[in-house]
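Here is a friendly note to read beside the model. The points below can be taken in order, with the picture open as you go.

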Amino acid sequence: MTMPDGGVTLPVRVQTARKTAVGAREHQTGQVTEYSDEGYTVGYDSNTEMKCMLVLRARPDVVDLESQVLFQWLDADGKTGKHFFDFRALKANGQRVAIMVKSEYRRRQPKVQAELAGIAARVPQSFADQVVVMTERDIDPVEYFNAELMHEMRRPDPDADAAARRLLGDIVGAVRVQNLVDAIGLGARGFRAAVRLLRSHELELTLNVRINHEAYVRRRMFK
């Protein structure tokens with residue numbers, strides 16, 4: 001992130017209840033730089049977890065996403081049990097969803113299923129309204145492609161973004177992305193601005209297709 005005086009500062013790493021194992025050799029780990037101002041990084045422990053993070057952040061019904069959320073409970077023998085949920089999503093309707101990310105191979109194992117079911121049964125509504133398990137099978141390739149594209153193009157371009165937003169009121173029904181780019185008049189910068197309007201959910205795709213110049217979009221009607 002570049003500062004006004006021309007200096008550079010590194011993004012702040014989001015503090016979570018559990019540190020992710022960045023640098024582990026047996027599986028993919030890493031960090032995702034989040035938010036349009038490049039201000040924060042969030043770690044992940046697997047490729048599937050990274051994909052889930054991007055997909056969840058891109059969904060219009062998810063307004064906030066916490067990572068590595070500690071859940072604790074008291075066993076019958078008085079011992080404290082704990083589990084770190086990979087994510088807890090706050091949805092637009094106010095519900096909170098605690099999310100466990102596993103590989104499909106592990107999820108299918110009876111021992112793992114019993115363990116996850118036991119944890120889910122202990123979760124009170126004060127912590128989450130719902131507990132779900134996400135695996136690679138829950139990631140729609142089209143949804144992930146779009147989420148990754150929106151993440152890559154998240155950095156604002158004030159002039160292009162303003163030009164794109166001025167056109168919102170003129171959109172009636174569906175419009176081809178290329179037509180929107182032509183109306184913005186800034187070439188590739190206009191395409192990126194259109195993608196950011198999809199990222200902010202001011203626009204939405206008319207069909208579940210990859211975001212490209214031939215896709216059709218429309219203004220999203222907020223409820």
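**Notes on the predicted model**

1. Gln-68 lies in strand 4, where helices (H or I, at least four residues) and strands (E, at least two) are DSSP runs, numbered from the N terminus. Gln-68 is not a glycine, yet its phi is positive, about 50°. Its relative accessibility is 2%, so Gln-68 counts as buried; buried means under 20% relative accessible area, exposed over 50%, and partly exposed in between (1.4 Å probe, protein chains only).

2. A word on what you are looking at. This is a predicted model, in which local features need pLDDT of at least 70 and side-chain atom pairs count only at pLDDT 80 or more, while totals for chains, interfaces and linings use all residues. Residues are numbered from 1 along each chain as its sequence is written, and side-chain values use heavy atoms, with hydrogens and water left out.

3. How confident is the predictor? The mean pLDDT of the protein chain is 84, and 79% of its residues reach 70 or more; pLDDT is the predictor's confidence in each residue, from 0 to 100. Where pLDDT is low, the predicted coordinates should not be read in detail.

4. For the overall picture, the protein chain has 7 helices and 10 strands. Of its 223 residues, 39% count as buried. Taking the contacts with a separation of 6 or more, 55% are between residues 24 or more positions apart.

5. Back in strand 4 (residues 62-74), you will also find Leu-70. Leu-70 counts as partly exposed because its relative accessibility is 31%.

6. Which residues does His-83 touch? Leaving aside neighbours within four places in sequence, His-83 is in contact with Val-69, Leu-70, Phe-71, Trp-73, Met-100 and Ile-119. His-83 itself is found in strand 5 (residues 80-91) and is buried, with a relative accessible area of 12%.

7. Now to the helices. Helix 1 (residues 47-58) and helix 4 (residues 141-152) have axes that come within 9 Å and cross at roughly 80°. Axes here are lines fitted to C-alpha atoms, for helices over the stretch in contact, and angles run from 0 to 180 degrees between N-to-C directions. Helix 1 and helix 4 are therefore roughly perpendicular to each other (under 35 degrees counts as roughly parallel, over 145 as roughly antiparallel, 65 to 115 as roughly perpendicular and the rest as oblique). Residues in this contact include Met-50 and Leu-54 of helix 1 and Tyr-144 and Ala-147 of helix 4. By class, the contact has 7 nonpolar, 1 polar and 3 charged residues; Ala, Val, Leu, Ile, Met, Phe, Trp, Tyr, Cys and Pro count as nonpolar, Asp, Glu, Lys and Arg as charged, and the others, Gly among them, as polar.

8. Helix 7 has a contact with helix 6 (residues 177-184): the two pack at an angle of about 120°, with their axes 8 Å apart. That makes helix 6 oblique to helix 7. Val-177, Leu-180, Val-181 and Ile-184 in helix 6 meet Gly-190, Phe-191 and Ala-194 in helix 7. These residues divide into 6 nonpolar, 1 polar and no charged.

9. Helix 5 (residues 158-166) also packs with helix 7, their axes coming within 9 Å and crossing at roughly 65°. Asp-159, Ala-160, Asp-161, Ala-164 and Arg-165 of helix 5 make the contact with Arg-189, Ala-193, Arg-196 and Leu-197 of helix 7. This contact has 4 nonpolar, no polar and 5 charged residues.

10. His-201, in the loop between helix 7 and strand 9 (203-205), has a positive phi near 65° and is buried, with a relative accessible area of 14%. Arg-137, in the loop between strand 7 (130-134) and helix 4, is exposed at 60% relative accessible area. Not counting residues up to four places away in sequence, Arg-137 touches Glu-104 and Arg-108.

Conventions. Contact means heavy atoms within 4.5 Å.
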